[in-house]
Amino acid sequence: MGCSTLLGDERDGAADGDAAEDTAGDGDAGVEAGDDADADPDADADPDADDGRDADADEAEDASDSGAHCPGAPVPIVAYDFDVGLTARDVAPAEPTVDLEPAYLETGGALVGDGVALMWGGQLAASPAQGRALGRALHEAEGFAVEAWVETDDGVQTGPARIVTYSADPQHAGFTLGQREDRVSVRLHTSITNEWGGLASGDVHQHEGVFPTVGPTQIVLVWDGPSHRSTLYVNGINVGEQVHEDPEAGPAGLVWELDQYRFGLGREFAAAADSPRAWHGTILSVAAYDRALDDDEVWQLQTCGAR
């Protein structure tokens, strides 16, 4: 695990990428595998307690996450276990409630049931209002974390293919967790990254050798506002930290278009029908937290497993 500082001047050249993709529409059509896609912002770059328990025990269970899945662990503000029905119900005990409905079914599928979400070109998306409510809750907090448990036998997806996205379209995102071939790809829009949350030199975080997965795999992005630090975890292990800082303006903060971004799983918003930004695989659970999690807390969630 290493820690590095992201400098504001690494954004140079981002405007050219935006202009080129705007000219080409979504920027996906006509891009063949292995083509040089420098103009594309997504192109590759360098057992239950007994009935006699007391009130304190009741409070302790209430303070654990939804369904007492992981007693004593951090409490999410949204969480999905994908048990029944087409809708992915938010089962977290906190507000806001952010349910997810199938979308983009004309381009693929998104099937919820038996504790998983099967994704093959479709999306599970929050309503605009609920997505805005979640974004504001995360933005107003001193930090946040997003956790996803996934499986896929596909190690060649590009895009990066979105697993979790808080965004408006391919060029405008607050954060994304995705897959680029064998790597986890993470973007985060701060005042020293570009509008899709990346750098001229690549994504904010990348970690190789994750895909195809070997069993359920946990991916966690943590943003700690006071330290201006983002951290990527894979299966409970801190695999990379970045300090977001501008050499002239100083420490960076989140820069989110709160009235524009939406929250979804499985593909990008407003992407073309044949977009490589649609992820193919199984999502076992997703949760978001309105505070930064530390190494021990992420490890605790990992030991509990997917919901």
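Predicted model: local features only at pLDDT ≥ 70, side-chain atom pairs only at ≥ 80, totals over all residues.
Me: Good. Which residue in E17 stands opposite Glu 245?
Reply: Opposite Glu 245 stands Pro 251 in E17.

Me: And how many bridges join E16 to E17?
Reply: Two bridges join strand E16 to strand E17, residues 250–251, and these strands run antiparallel.

Me: What about E15, how many bridges join it to E16?
Reply: Strand E15, residues 229–234, is joined to E16 by six bridges, and the two run antiparallel. Within this pairing, Leu 232 has Gly 240 in E16 as its bridge partner.

Me: How many residues lie between E15 and E16?
Reply: Two residues lie between them, and the two strands form a hairpin. In the turn, Asn 235 has a positive phi of about 55°.

Me: Is E16 mostly covered or mostly open, and how many of its residues are buried?
Reply: Strand E16, residues 237–246, is mostly covered, with eight of its 10 residues buried.

Me: Where do side chains point in a regular strand?
Reply: As a general rule, side chains in a regular strand alternate between the two faces of the sheet.

Me: Changing topic: how many aromatic pairs are there?
Reply: The structure holds seven aromatic pairs. One of the ring pairs is Phe 175 with Trp 256, whose ring centres are 5.9 Å apart.

Me: Why is that pair called tilted?
Reply: The planes of Phe 175 and Trp 256 stand at 50°, so the pair is tilted. Planes under 30 degrees apart would count as stacked, and over 60 as edge-to-face.

Me: Where in the chain do these two residues sit?
Reply: Phe 175 belongs to strand E9, residues 172–180, whereas Trp 256 lies in the loop between E17 and strand E18, residues 262–265. The pair links distant parts of the chain, as the two residues are 81 residues apart.

Me: Buried or exposed?
Reply: Both Phe 175 and Trp 256 are buried.

Me: Which residues do ring pairs link into a cluster?
Reply: The cluster consists of Phe 144, Tyr 166, Phe 175, Trp 256 and Tyr 261.

Me: Which charged end sits over the ring of Tyr 104?
Reply: That is the charged end of Arg 267, 4.6 Å from the centre of the ring.

Notes:
Residues numbered from 1 in each chain as written. Heavy atoms only, no water. Buried < 20%, exposed > 50% of the residue type's maximum accessible area, 1.4 Å probe, protein only. Helix = DSSP H or I, 4+ residues; strand = E, 2+ residues; numbered from the N terminus. Pairing = 2+ DSSP bridges. Phe/Tyr/Trp six-rings, centres within 6.5 Å; stacked < 30°, edge-to-face > 60°. Lys NZ or Arg CZ within 6 Å of the ring centre and 35° of its normal.
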